[in-house]
Amino acid sequence: MQRQIFTEEHEAFRGTVRTFLSKEVLPHYEQWEKDGIVSREAWLAAGRQGLLGLAVPEEHGGGGNADFRYSAVLAEEFTRAGVAGLALGLHNDIIGPYLTGLGTEEQKWRWLPGFCSGEIITAIAMTEPGAGSDLQGIRTTAEDKGDHWLLNGSKTFISNGILADLVIVVAKTSPQGGAKGLSLLVVERGAEGFERGRNLDKIGQKSQDTAELFFNDVRVPKDNLLGELDGAFIHLMTNLAQERMGIAVAGIAAAEYLLEITTTYVKEREAFGRPLSKLQHIRFEIAEMATECAVTRAFLDRCIVDHSEGTLDAVHASMAKWWATELQKRVADRCLQLHGGYGYMTEYRVAKAFTDGRIQTIYGGTTEIMKEIIGRSLLG
């Protein structure tokens, strides 16, 4: 089916993204995977190409365009290229809205120009060893010391954790914590007592630095409070819909690409003297996946448009997130199976997609949490 949500400007941007990937990312990606981290030069190159801060106002160095369809194009092309390690979506679509929507004028002028140039790489630190999807369980504390906050605690599974120059930390600023006692504090590189632990060894997305972070009596200036005091829970809930949409967009793009390369593979691969595509079982497998992808694409494109227009709610974002990522997981598994032994070889894209994509149903809110959000909205 012909997609109808993109204009000529969006497709021109798609060409820009593909050129950037071919010149600045793909030639280096294998080395980044070995190193467990991408080059900072890639971030600077992304800034020069105008791929950072798409929705940041022009006066602060950004693109000045809040149309989410541009972010969708970026997510789709990065997914098709298989380069999850360079986390521009995290930077632009997850952290960007916190800075532009909650930052004071002084904070915006201090952080956004570097955010858009690639000189300031960002991360957000929510997850803790004992608190994942349950934000009520956060134990990191920030004590008011008059002219500063004293931050203590630890975080884990933090994407961009090694590279980040600016980390938005979710911490308890009142004893009860939870929905009424969490705040967002910005910790900058070099702060005394701020330490990075291991670059965690994952089964996929090897070049995406994912780290443990430790805060030991870190003095955070009062000027680094982001948004309202004790207002983090509302801030987080407001911005999670866009995070989940970004993950969902990548999910359907991955499923479609896997179907595409597997369709080509079964046409070329022979067994029992004829192409695999001549076997009825193979045709049924391809037919089922193609139908699921087509139906999901129609829903996702509607969600992309609604989100671009500011009308997408948290429930439909949750539907998009769990459905598209579970589809991605199923398609990756089935496509690997259709590749046979070759599918288990890391030189084949299907093998890498299988391991890189497995996290999709977990981060940004697990499938189970998405279903709980939807269920509560329907049943109370």
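**Reading the model together**

Modeller: Let's begin with the helix at the centre of our talk. The cover over the buried residues of helix 3 includes helix 1 (8-35), helix 4 (88-102), helix 6 (232-268), helix 7 (280-308) and helix 9 (349-356). Contact here means heavy atoms within 4.5 Å, and buried means under 20% relative accessible area, with exposed over 50% and partly exposed in between (1.4 Å probe, protein chains only).

Biologist: What should I know about the source of the model and its numbering?

Modeller: This is a predicted model, in which local features need pLDDT of at least 70 and side-chain atom pairs count only at pLDDT 80 or more, while totals for chains, interfaces and linings use all residues. Residues are numbered from 1 along each chain as its sequence is written, and side-chain values use heavy atoms, with hydrogens and water left out.

Biologist: How many residues of helix 3 are buried?

Modeller: Of its 14 residues, 11 are buried, leaving the helix mostly covered. Among them are F68, Y70, E76 and E77.

Biologist: Which residues other than glycine have a positive phi?

Modeller: F157 is one of them, with phi near 60 degrees. F157 lies in strand 3 and is exposed, at a relative accessible area of 56%. D230 is another, with phi of about 65 degrees. D230 belongs to the loop between strand 8 (225-226) and helix 6, and is partly exposed at 25% relative accessibility.

Biologist: How do I read a pair of aromatic rings?

Modeller: Rings of Phe, Tyr and Trp (its six-membered ring) pair if their centres lie within 6.5 Å; planes under 30 degrees apart count as stacked, over 60 as edge-to-face and the rest as tilted. By this rule there are five aromatic pairs. The ring centres of F13 and Y70 are 5.4 Å apart and their planes are at 80 degrees, so this pair is edge-to-face. The pair links distant parts of the chain, F13 in helix 1 and Y70 in helix 3, 57 residues apart. Both F13 and Y70 are buried. For Y342 and Y348 the centres are 5.5 Å apart and the planes at 45 degrees, so that pair is tilted.

Biologist: Where is R297, and is R297 buried or exposed?

Modeller: R297 is in helix 7, and its 7% relative accessibility makes it buried. Leaving aside neighbours within four places in sequence, its contacts include E76, I252 and E256.

Biologist: What does the side chain of H91 reach?

Modeller: The side chain of H91 reaches the backbone oxygen of F115 at 2.9 Å. H91 lies in helix 4 and is buried at 0% relative accessibility. Beyond neighbours within four places in sequence, H91 has contacts that include W43, L52 and T122.

Biologist: T122 brings us to the strands. How do I read those?

Modeller: In a regular strand the side chains alternate between the two faces of the sheet. In strand 1 (residues 122-125), T122 and I124 point one way and A123 and A125 the other, and all are buried. Two strands pair if DSSP finds at least two bridges between them. Strand 1 runs parallel to strand 4 (residues 166-172), joined by four bridges, and T122 has L166 as its bridge partner. Strand 3 (residues 148-159) and strand 7 (residues 210-221) are antiparallel, with nine bridges.

Technical notes
Helix = DSSP H or I, 4+ residues; strand = E, 2+ residues; numbered from the N terminus. Polar contact = N/O pair within 3.5 Å; in protein donor to acceptor, adjacent residues only side chain to side chain.
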